[in-house]
Amino acid sequence: MSTRMVEVRAKVLKQNDLLARALRERFRTEGTCVVGLVSSPGSGKTAFLEKLLAGLARDSRVAALVGDLATENDAARLRRATPNVRQITTGTICHLDAQMIEKALESWRLDRIDFLFIENVGNLVCPSSYDLGEELRFVLLSATEGEDKPLKYPTIFNSSDVAIITKMDLAEAAEFDLAAARRNIESVRPGMQVFEVSAKTGTGMQAVFDLLHAQLARERHSQVAATI
Amino acid sequence: MHELSIAISMIDQITEESESRGGLDVEAVHMKLGIFSGVDKEALLFAYELACEGSPLQGSRLVIESIPLVIYCDACQKDRTPPSVYELSCPECGTPGQRIVTGREIEVASLEVVA
């Protein structure tokens, strides 16, 4: 049986990428700063996000989408900081995709939201392939996980914009080697900004608030420039 | 394991492609998979076979070409292959490489169809 070749040359995640691009455009137009959070399970994503929401809510309008395989526990926790929280329950799916984000945003007035956070499913592998339209992606690494996580999961660290080292209050007890962690992050994502925080004590959170406010100001400024 | 999601996306895409060309009898699917794509080759081969069951692509082969990680070195002004996927620096001069040239691909390259 003879065969012939048919050229296709198509990105497998083209649909997701197109949808993510449309979302990013929409976030820019509405003036919403959107930040994705990725990490392994148990690295303190939700505690960190709780502090982010509570801190930013003092002078900004905040909202969050949280992805989990099951339960609404995280959303319930985050609602203590803001009522604008929606849980995305993925069932058996190990990552969020752009379509889930679009659906979860239904009926939300984005023009009334300054900061939107998207907490991905706890997983350092799968979320790296899916663009969600976020402006910044934070990858979290806790002091209790060990400093070689970036080397073991280079793809997700490389696809992120900012690294957040969490649970710094436990660093000493866990004999966490901060210099090695920073070196490893630099090795997989040269030039990446790194923040050290403790959601429990609040240490280091102000620097993250400052980064986010600067990001929002920059986005709004470029939006105004585009309008003129 | 998101390889199953990737396999399902591939099958949908190929089915659509096939229909737009009046229905192709696909023998094999040739794809390019970057080693820095976050998708595992073996897991994808397994997931593909599973996902093909009951689809028009049932019985087709998946042929994966692995694409190496290549970064651009600003100092040498050349494409370079870093020492490993967790050391993104130039093997010649040691400058960290921020720009990825290849290695992230998840692409269907071509279809081998019955003539």
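This is a predicted model: local features need pLDDT of at least 70, side-chain atom pairs count only at pLDDT 80 or more; totals for chains, interfaces and linings use all residues.
1. Let us start with chain A as a whole. There are 8 helices and 8 strands in this chain. Its C-alpha trace spans about 65 × 45 × 40 Å along the principal axes. The radius of gyration of chain A is 18 Å, which agrees with the value near 17 Å that a compact globule of 228 residues would have.

2. The inside of chain A comes next. Of its 228 residues, 44% count as buried. Looking at contacts in chain A with a separation of 6 or more, 76% are accounted for by residues 24 or more positions apart.

3. A helix pair in chain A deserves a look. Helix α2 (residues 45-56) of chain A packs with helix α8 (residues 205-227) of chain A at an angle of about 65°, and their axes are 11 Å apart. The crossing in which α2(A) passes α8(A) is right-handed. On the α2(A) side the contact is made by Lys51(A), Leu52(A), Gly55(A) and Leu56(A), and on the α8(A) side by Met205(A), Val208(A), Phe209(A) and Leu212(A). By class, the residues of this contact divide into 6 nonpolar, 1 polar and 1 charged.

4. What is the setting of Leu23(A), buried or exposed? Leu23(A) has 21 other C-beta atoms within 10 Å, and the cut-off for a buried residue is 20 or more, so Leu23(A) is buried. Its place is in helix α1 (residues 14-30) of chain A. Leaving aside residues up to four places away in sequence, Leu23(A) touches Ala98(A), Ile101(A), Glu102(A) and Gly133(A). If you want a reference distance while viewing the model, Leu23(A) and Thr227(A) are 19 Å apart in space, C-alpha to C-alpha, and 204 residues apart in sequence.

5. Not counting residues up to four places away in sequence, Ala81(A) touches Glu50(A), Leu53(A), Ala54(A) and Ala57(A). From Ala81(A) to Val62(A) there are 19 residues in sequence and 9.1 Å in space, C-alpha to C-alpha.

6. Now to chain B and its overall build. The secondary structure of chain B comes to 2 helices and 6 strands, and the elements run α-β-α-β-β-β-β-β from the N terminus on. Taken along the principal axes, the box filled by the C-alpha atoms of chain B is roughly 50 × 30 × 15 Å. Chain B has a radius of gyration of 17 Å, but a compact globule of 115 residues would have one near 13 Å.

7. Burial and contacts in chain B can be read together. Buried residues make up 36% of its 115 residues. Among contacts in chain B between residues at least 6 apart in sequence, those joining residues at least 24 apart come to 67%.

8. How do α1(B) and α2(B) lie to each other? Helix α1 (residues 3-20) of chain B and helix α2 (residues 41-52) of chain B have their axes 8 Å apart and pack at an angle of about 55°; they are therefore oblique to each other. The crossing of α1(B) past α2(B) is right-handed. From α1(B), the residues that meet α2(B) are Glu3(B), Leu4(B), Ile6(B), Ala7(B), Ile8(B) and Ile11(B), and their counterparts in α2(B) are Ala43(B), Leu44(B), Ala47(B), Tyr48(B), Leu50(B), Ala51(B) and Cys52(B). By class this contact has 12 nonpolar, no polar and 1 charged residues.

9. Last, the contact of the two chains. Chain B brings 31 residues to the contact and chain A brings 27 residues. On the side of chain B that touches chain A, the elements giving two or more residues are α1 and β6 (106-114) of chain B. Which element gives the most to that side? That is β6(B), with 9 residues. By class, the side of chain B that touches chain A has 17 nonpolar, 9 polar and 5 charged residues.

Definitions and conventions
Residues are numbered from 1 along each chain as its sequence is written. Chains are lettered from A and ligands numbered from 1 in the order in which they are written. Axes are lines fitted to C-alpha atoms, for helices over the stretch in contact, and angles run from 0 to 180 degrees between N-to-C directions. Helices (H or I, at least four residues) and strands (E, at least two) are DSSP runs, numbered from the N terminus. Angles under 35 degrees count as roughly parallel, over 145 as roughly antiparallel, 65 to 115 as roughly perpendicular and the rest as oblique. A crossing is left-handed if the near helix is turned anticlockwise from the far one by less than a right angle, and right-handed if clockwise. Two residues are in contact if their C-beta atoms, placed from the backbone, lie within 7 Å. Ala, Val, Leu, Ile, Met, Phe, Trp, Tyr, Cys and Pro count as nonpolar, Asp, Glu, Lys and Arg as charged, and the others, Gly among them, as polar. A residue is buried if 20 or more other C-beta atoms lie within 10 Å of its own, exposed if 12 or fewer, and partly exposed in between; C-beta atoms are placed from the backbone. The radius of gyration is taken over C-alpha atoms; the globule rule is 2.2 Å times the number of residues to the power 0.38.
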